Amino acid sequence: MHGRLSEFTLGQLLQFFALAERSGTVVVRAAGRESRLLVEGDRIIGWGQEEFDVRDPLMACELIATTAMDAVKGVQPRPDTPGLSFVVRNLIEPERWDAFSHRLLEQDIYPLLSVEDGDFEIQVFRNPPAPLRVSIPINSMILDGSRWESEMEAAALEGFQLDGIWRRAEKRISEPLRLSGLEWIVWALMTEPISIAEIARRLCVPDLNTIGAIKRLSSIDLIEEAD
C-alpha cells in the first residue's frame, strides 16, 4: 500500500496497525530521507533500513567503555542478523544503550510523526529481523514524539537552541556541587566552546536530556552562552 502523508501521517498509520493488530513495516520518505519502522500489533518492535549496522553510530559514542567498544568491534554480522542489536546491546551498559537507542528514534522518527509532506509505503507480513530491536507501545511512541516536539520548541524559545554555542564560565567552585552524572560529563566535555547538538552527538544522549543538563549548569553559573 502506497500513499501520501497529506492523507495519513505516520502517527495515524501506526495507530491503524495497532487497531488492526497486524504486523509489518512502515516506510516513510520525507524531509530528504527514508525511515522504516517494524510494527507488531500495538508495539514498535524495530527500526532502521535493512543495511543499517548499529555498530557504526555506536562507534561515535564517547561514553562507551573501551573494553565494551573493543567487544563491539569484534562482533561480526551475518545475513540473518542485520544490525546485531540483540548482541551488541548485551555488551553495553544498559543506561548507555537506552540513551543511544532513544537518541536514534528521537533523531529519525519523532520529527516525522506529524509531517504531511512526503509519502509512505506499508507492507503487511511477518517481520524480518530488526536492525535495531526495540519494544515500544505505539501510543507511547506517539505521546513521546508529541512531548519531544513541544519541549524542543519551548527550549528554543528559552534560548537553548541545538546550534547554540556554550562554554565554561569563569566561576570558582568553592563548595561541593550536587550534579547528576550527565551534568558532570557535559561540563567535563566543555574544554572549549561547543554546541548542544555536538555534545549530544558525541555522548549519544537524547537532545532533551542534553538541554536539561545545559539548563542546570547555566542556572548555577558553571557555563555561559558563548558570544
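Which residue in β6 does W47 stand opposite? In this predicted model, W47 faces L132 of β6. The two strands involved, β4 and β6 (residues 132–137), pair in the antiparallel sense over 4 bridges. Strand β4 (residues 43–47) also runs antiparallel to β3 (residues 33–40), again through 4 bridges. Here E40 stands opposite R43 of β4. The hairpin of β3 and β4 has 2 residues between the strands. Within this hairpin, G41 adopts a positive phi near 65°.

Helix packing was examined next. Helix α6 (residues 138–157) packs against helix α9 (residues 207–219) at an angle of about 35°. Their axes lie 11 Å apart. The crossing is left-handed. From α6, the contact draws on R147, W148, E151, M152 and A155. From α9, D207, L208 and I211 take part. By type, the contact residues comprise 5 nonpolar, no polar and 3 charged.

The structure holds 18 salt bridges. One of them joins E224 and R167, at 3.0 Å from N to O. E224 lies in strand β9 (residues 223–225) and R167 in strand β7 (residues 165–168), so this pair ties together parts that are 57 residues apart in sequence. E224 is partly exposed, at 31% relative accessible area. R167 is also partly exposed, at 29%.

R29 forms a salt bridge with E34, with the closest N and O atoms 2.7 Å apart. R29 counts as partly exposed at 30% relative accessibility, and E34 does so at 38%. Both residues belong to a network of salt bridges that links R4, R29, E34, D117, D119 and E121. R96 and E95 form another salt bridge, with their closest N and O atoms 4.0 Å apart. R96 is partly exposed, at 22%, whereas E95 is exposed, at 57%.

Notes: Residues are numbered from 1 along each chain as its sequence is written. This is a predicted model: local features need pLDDT of at least 70, side-chain atom pairs count only at pLDDT 80 or more; totals for chains, interfaces and linings use all residues. Side-chain values use heavy atoms; hydrogens and water are left out. Two strands pair if DSSP finds at least two bridges between them. Axes are lines fitted to C-alpha atoms, for helices over the stretch in contact, and angles run from 0 to 180 degrees between N-to-C directions. A crossing is left-handed if the near helix is turned anticlockwise from the far one by less than a right angle, and right-handed if clockwise. Contact means heavy atoms within 4.5 Å. Ala, Val, Leu, Ile, Met, Phe, Trp, Tyr, Cys and Pro count as nonpolar, Asp, Glu, Lys and Arg as charged, and the others, Gly among them, as polar. A salt bridge is a side-chain nitrogen of Lys or Arg within 4 Å of a carboxyl oxygen of Asp or Glu. Buried means under 20% relative accessible area, exposed over 50%, partly exposed in between (1.4 Å probe, protein chains only).
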